[in-house]
Amino acid sequence: MAGALAGIRVVELGQLIAGPFCGQLLGDMGADVIKVEPPGAGDPMRAWGRGEHKLWWEVVSRNKRSVSANLRVPAGQDLVRRLAAGADILIENFKPGTMEKWGLGPDALHALNPRLIIVRVSGYGQSGPYSARAGFGGIGEAMGGWRYIVGDPDRPPSRMGVSIGDSLAATYGCLGALAALHARERTGRGQVVDSALYEAVLQVMESLIPEYQLSGYIRERSGSKLPGIAPSNVYRCRDGEYLIGANQDAVFARLCAAMGRPELATDPDYVDHVARGRNQDRLDQIIEDWTLTLTVAEVEALMIAHSIPAGKIYRAPEMLEDPHFAARKAVIEVATERWGPVKMQNAFPKLSDTPSDVRSAAPATVGQHNREVYGELLGLSAADLDALAAAGAI
């Protein structure tokens, strides 16, 4: 079945993480994503990843067609203008002002295609005193408040093991593009979606700002626990770690029963949410003293039996072995030209009538679809493309 965005054409100009991840989300939902790469090495994402093989490209560039265009020369810029003239969405994550310098700013593109939606992802946004500064995900995480509260309280600010700032800015860029598509149905006009890295992070910071404004409270690093939310932590077992969340009164009573300590549920120190938060460290120690006597499997069996929210701490091996992942097809296998079958996360979220899907593997080479895209969409002949290549435009 066709995805929800079947018939929508996207031109992706961005490189590295934020722009390409926005394109991945749209492509997974069925859009025709034309990935524009610089001639030669292409997007640096082709060489990113960890381990022996660099595989990030295979995930972030699935469901895309690759064309090459040198945006620093007029002929390459003209190719992008012509692609944008027939597109619904254009994504870019260059430093603000770069697109304008190339003659590809919103005014120029909207003059060609008033219905075009332009997603612009940058460190600080397209306006404001910091807009011209160089920015990347880690800086957005720091300025947005994320880095300060991540890690252990006796250590410097830490980071997540993934590029969360870039991914959030890309996700909000995608969300804005979908809203702009809906608005276009009413107005007939496209618009600019301005997604700043630091503001994307700020959006998920819960009540951090009003807590400070009204009570002077500044959130601090708290390690694996949420201050005042108890019990809700990672607890050591004989053979690993296990996460238990039982901070609601009725759930806590069930945990006490599972532990063989029903009296804790009525103990004044733990009888309600406020009391448990006040005595959080002591309660965590009581629970861990118990979990250390059991294996992860034994604790999990008790949690399931007593209907307590809890779960194992997964790595990739556990994900690939888990029957729930398999039943929901959360991980799929994609046939790639370079690496053969590659397992990766499936398209998400799940739509019942117009499901998202991984329809094609990431382009193996830069400009792999030059003849297909430039020929079909722009009417360029093989001789035209050879001349553009000779001129360094593709």
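Tutor: When I say buried, I mean a residue under 20% relative accessible area, while exposed means over 50%. Also keep in mind that this is a predicted model.

Student: What about contacts between residues 24 or more positions apart, what percentage do they make up?
Tutor: Among contacts with a separation of 6 or more, 68% are between residues 24 or more positions apart.

Student: Let's talk cores. How many residues are in the largest nonpolar one?
Tutor: That core has 35 residues, and Val10, Leu26, Ile89 and Val119 have the most contacts inside it. Elements giving two or more residues to this core are helix 1 (18-28), helix 2 (56-60), strand 4 (89-92), strand 5 (117-122), helix 8 (164-187) and helix 9 (197-203).

Student: Which helix gives the most?
Tutor: Helix 8, with eight residues.

Student: Which residues does Val119 touch?
Tutor: Leaving out residues up to four places away in sequence, Val119 touches Cys22, Ile89, Leu90, Ile91, Glu92, Gly173, Ala177 and Val193. There's also a second, separate core of 28 residues, which includes Val36, Trp102, Leu116 and Ile394.

Student: Is the crossing left-handed or right-handed?
Tutor: Helix 1 passes helix 8 in a right-handed crossing. On the helix 1 side, the contact uses Ala18, Phe21, Cys22, Leu25 and Leu26. Helix 8 brings in Asp166, Ser167, Ala170, Thr171, Gly173, Cys174 and Leu178.

Student: How does that contact split by class?
Tutor: The contact of helix 1 with helix 8 has eight nonpolar, three polar and one charged residues.

Student: How many residues of helix 1 are buried?
Tutor: 11 of the 11 residues of helix 1 are buried, so this helix is largely enclosed by the rest of the structure. Helix 1 is followed by Gly30, which has a positive phi near 110°.

Student: Switching topic: where does Thr291 sit?
Tutor: Thr291 is in helix 13 (residues 280-291). Thr291 has a relative accessible area of 0%, so it counts as buried.

Student: What does Thr291 contact?
Tutor: Setting aside neighbours within four places in sequence, Thr291 is in contact with Tyr235, Arg236, Cys237, Arg238, Ile244 and Val299. From Thr291 to Trp102 it's 61 Å, C-alpha to C-alpha, and the two are 189 residues apart in sequence.

Student: Where are the cis peptide bonds?
Tutor: One joins Ala230 and Pro231, with omega about -10°. Pro231 is in the loop between helix 10 and strand 7 (232-237). Another runs from Phe348 to Pro349, with omega near 5°. Pro349 is in the loop between strand 11 (340-345) and helix 17 (370-378).

Student: Which residue has a positive phi of about 60° although it is not a glycine?
Tutor: That's Asn63. Asn63 lies in the loop between helix 2 and strand 3 (64-68).

Student: And Glu206, what is its phi?
Tutor: Glu206, not a glycine either, has a positive phi of about 55°. Glu206 is in the loop between helix 9 and helix 10.

Student: Are those two buried or exposed?
Tutor: Asn63 is at 4% relative accessibility, so Asn63 counts as buried. Glu206 has a relative accessible area of 66%, so Glu206 is exposed.

Terms used:
Residues are numbered from 1 along each chain as its sequence is written. This is a predicted model: local features need pLDDT of at least 70, side-chain atom pairs count only at pLDDT 80 or more; totals for chains, interfaces and linings use all residues. Side-chain values use heavy atoms; hydrogens and water are left out. A nonpolar core is a set of buried Ala, Val, Leu, Ile, Met, Phe, Trp, Tyr and Cys residues joined through side-chain atoms within 4.5 Å. Buried means under 20% relative accessible area, exposed over 50%, partly exposed in between (1.4 Å probe, protein chains only). Helices (H or I, at least four residues) and strands (E, at least two) are DSSP runs, numbered from the N terminus. Contact means heavy atoms within 4.5 Å. A crossing is left-handed if the near helix is turned anticlockwise from the far one by less than a right angle, and right-handed if clockwise. Ala, Val, Leu, Ile, Met, Phe, Trp, Tyr, Cys and Pro count as nonpolar, Asp, Glu, Lys and Arg as charged, and the others, Gly among them, as polar.
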